[in-house]
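Here are my notes on the model, point by point. Please read them with the structure open.

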Amino acid sequence: MPKFKRILLKLSGEVLAGVNKFGHDFEIINNFAGELEKILNSGIQIAIVVGGGNLIRGRDIKKFGVDNVIADSMGMLGTVMNALALKDALLRKNIPAQILSAVNMPPIADLYNRDRALKFLESGNILIFAAGTGHPFFSTDTAAALRSAEIKADCLIKGTKVNGIYDKDPAKFKDAKFLPELTFSEALKNNIQVMDSAAFAICRDNKIPVWVMNIQDNNNNWAENIINNNNSNAGTLVKED
């Protein structure tokens with residue numbers, strides 16, 4: 001298959017926390033920046049949507065009675081902190097990087113604008129999208145799908161700490177079967193939890209494949225697999241029916 005021109009990487013906040021599961025593991029973030037540099041140097045444009053689960057999850061605090069809108073707004077702010085940590089790691093390696101936020105918060109980040117986003121990408125910046133969609137009730141997965149469609153990404157890569165999609169939770173079931181490939185219809189019908197249904201539907205409707213892979217383990221050469229579009233060697237590919 002042809003190599004990618006432009007990708008959007010959905011990065012979970014947990015990946016930035018490492019084994020601590022909370023906060024930031026800056027050694028991991030620095031290593032991650034180095035892998036991104038390899039991808040950028042191969043000629044692929046990189047956009048990133050970062051989650052905030054290593055700091056706060058809106059759905060986790062709602063059970064304590066926190067208002068839904070307030071909880072989701074707190075989650076958005078967590079993604080901005082993660083975007084800043086990632087941008088810092090990139091800039092310290094002299095890798096050009098910019099943050100665009102769905103929520104206006106100068107001087108920390110510029111407000112998202114599609115034309116500005118495309119200019120940053122085409123000028124060689126790694127672009128980090130923060131604050132989700134800017135609205136409550138929408139996950140960062142949905143934000144990743146939305147931004148992928150807006151910038152016409154060749155692929156949405158869901159970077160996680162698991163190897164891909166299984167027919168059931170491999171942490172709970174020893175007989176869980178790994179699924180190297182499935183269609184959007186199968187993902188939606190079977191309620192695959194690796195991304196929410198709204199995100200899958202946006203990608204399906206805009207013909208953007210979703211590649212779920214483990215990016216926490218550098219031993220699986222995830223950056224090289226992205227560079228070579230070698231989805232047969234790593235992770236799970238969700239594609240058109």
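1. Ala131 counts as buried, at 1% relative accessibility. Buried means under 20% relative accessible area, exposed means over 50%, and partly exposed lies in between (1.4 Å probe, protein chains only). Ala131 is not a glycine, yet has a positive phi of about 70 degrees. Ala131 sits in the loop between S5 and H6. Helices (H or I, at least four residues) and strands (E, at least two) are DSSP runs, numbered from the N terminus.

2. A word on the basis. This is a predicted model: local features need pLDDT of at least 70, side-chain atom pairs count only at pLDDT 80 or more, and totals for chains, interfaces and linings use all residues. Residues are numbered from 1 along each chain as its sequence is written, and side-chain values use heavy atoms, with hydrogens and water left out.

3. Lys152 also deserves a check. Phi of Lys152 is near 55 degrees, a positive value in a residue other than glycine. Lys152 lies in the loop between H6 and strand S6 (155-160), just after H6. Is Lys152 buried or exposed? Lys152 is exposed, with a relative accessible area of 60%.

4. Next, a peptide bond. The bond from Pro106 to Pro107 is cis, with omega near 5 degrees. Pro107 is in the loop between strand S3 (97-101) and strand S4 (110-111). Most residues other than glycine have a negative phi, and most peptide bonds are trans.

5. Now H6. This helix has 12 residues and reaches 16 Å from its first C-alpha to its last, close to the 16 Å expected at 1.5 Å a residue. The expected span is 1.5 Å times one less than the number of residues. H6 is mostly covered, with nine of its 12 residues buried. Among them are Asp141, Arg147 and Ile151. Ser139 caps the N-terminal end of H6, with a side-chain oxygen 3.3 Å from the backbone nitrogen of Asp141. That is a polar contact: a pair of N or O atoms within 3.5 Å, where, within protein, one must be able to donate a hydrogen and the other to accept it, and residues adjacent in sequence count only if both atoms are side-chain atoms.

6. At the start of H4, a side-chain oxygen of Asp67 reaches to within 3.0 Å of the backbone nitrogen of Val69.

7. Phe173 is partly exposed, with a relative accessible area of 40%. Phe173 is placed in the loop between strand S7 (165-166) and strand S8 (178-179). Phe173 and Phe32 are 141 residues apart along the chain, and their C-alpha atoms are separated by 30 Å.

8. Finally, the whole chain. The protein has nine helices and 11 strands. Along its principal axes the C-alpha trace spans about 50 × 50 × 35 Å. Of the 241 residues, 50% count as buried. A compact globule with 241 residues would have a radius of gyration near 18 Å; the protein has 17 Å, which agrees. This radius is taken over C-alpha atoms, and the globule rule is 2.2 Å times the number of residues to the power 0.38.
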